[in-house]
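Me: I would like to learn how to read charged side chains in a structure. Please take me through it one feature at a time.

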Amino acid sequence: MSLIDERQDFSTIADLFLLHGSMQSPAFTDGRLCAQLAMHDIDPAAWLAEVCGVLGVEQPRDESSAERFLAWRRQTLEALSGSELGYEPLLPDELFSLGEHAQGLKEWTLGFLEVIEDAGEAPREAWSTSLREALEDLSGIAAMPDDLEEDAENEDDLFALVEHVRMAAMLLYTEQHPGKPQVEDTESTTRH
């Protein structure tokens, strides 16, 4: 299996950031990637340039790193545009504390909202009320505290917030790309 076909997860991308001398979490950059793909796409060369800018390098350190960064972009685009509606933000997983997970969600949301803000008012005019409300909710998520106690209630709440962010991202993608993903119409396929 080539690097391109491997699933890129938070730890893999965080390790890749470290390899390039960056201690930053990839969550913020993933939020930006998701919003850029949802709003207007970002081609592979522009994506590599953006990641290198984030990392403060002129280019990826080797071909393998470049392949992983491009696989990250492709994986995100495929998840946003796929009929399975399987997009998941790149966030710290169960190996991290609840506070680290909350911090990652905040960073992802800030990156996502930054791209939305940069787009200006023009695209918003065509957005549904549902999408506008979902994006307003993201501002609240970006401001939430991240010093969460490790308990089941906080874990459930955080899971619900991640799901809300995920759905807002997919809603933005589908409204900006009418007809994509092609989701099966369950009413027309039901037999009586």
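Me: Which side chain meets Glu114 in a salt bridge?

Reply: Side chains of opposite charge can pair when their charged atoms come close. A salt bridge here is a side-chain nitrogen of Lys or Arg within 4 Å of a carboxyl oxygen of Asp or Glu. In this predicted model, Glu114 meets Arg32 in such a bridge, at 2.6 Å from N to O. Glu114 lies in helix H5 (residues 98–119) and Arg32 in helix H2, so the pair ties together parts 82 residues apart in sequence. Helices are DSSP runs (H or I, at least four residues), numbered from the N terminus.

Me: Is Arg32 buried or exposed?

Reply: Buried means under 20% relative accessible area, exposed over 50%, and partly exposed in between (1.4 Å probe, protein chains only). Arg32 has 14%, so Arg32 is buried. Glu114, at 33%, counts as partly exposed.

Me: With which residue does Glu50 form a salt bridge?

Reply: Glu50 pairs with Arg32, and the closest N and O atoms are 2.8 Å apart. This pair links distant parts of the chain, from helix H3 (residues 44–55) for Glu50 to helix H2 (residues 26–39) for Arg32, 18 residues apart. Both Glu50 and Arg32 are buried. Salt bridges that share partners join Arg32, Glu50 and Glu114 into one network.

Me: How many salt bridges does the structure hold?

Reply: The structure holds 7. One of them joins Glu121 and Arg124, at 3.9 Å from N to O. Glu121 is exposed, with a relative accessible area of 55%.

Me: Which residues form the negative surface patch?

Reply: Patch residues have over 30% relative accessible area and no salt bridge, and like charges are joined within 9 Å. Asp and Glu count as negative, with the charge placed at CG of Asp or CD of Glu. The patch consists of Glu100, Asp147, Glu149, Glu150, Asp151, Glu153, Glu155, Asp156 and Asp157. Helix H7 (residues 152–176) gives the most to the patch, with 4 residues. Asp157 is found in helix H7 and is partly exposed at 40%.

Me: What does Asn154 touch?

Reply: Contact means heavy atoms within 4.5 Å. Asn154 lies in helix H7 and is buried, with a relative accessible area of 18%. Leaving out residues up to four places away in sequence, Asn154 touches Leu98, Leu148 and Glu149.

Me: What do the values rest on?

Reply: Local features need pLDDT of at least 70 and side-chain atom pairs 80 or more, while totals for chains, interfaces and linings use all residues. Residues are numbered from 1 along each chain as its sequence is written, and side-chain values use heavy atoms, with hydrogens and water left out.

How values were computed: Patches are made of residues with over 30% relative accessible area and no salt bridge: like charges are joined within 9 Å, nonpolar side chains (Val, Leu, Ile, Met, Phe, Trp, Tyr) within 5 Å. Accessible areas come from the Shrake-Rupley method with a 1.4 Å probe; for residues, only the protein chains shown count as cover. Helices (H or I, at least four residues) and strands (E, at least two) are DSSP runs, numbered from the N terminus.
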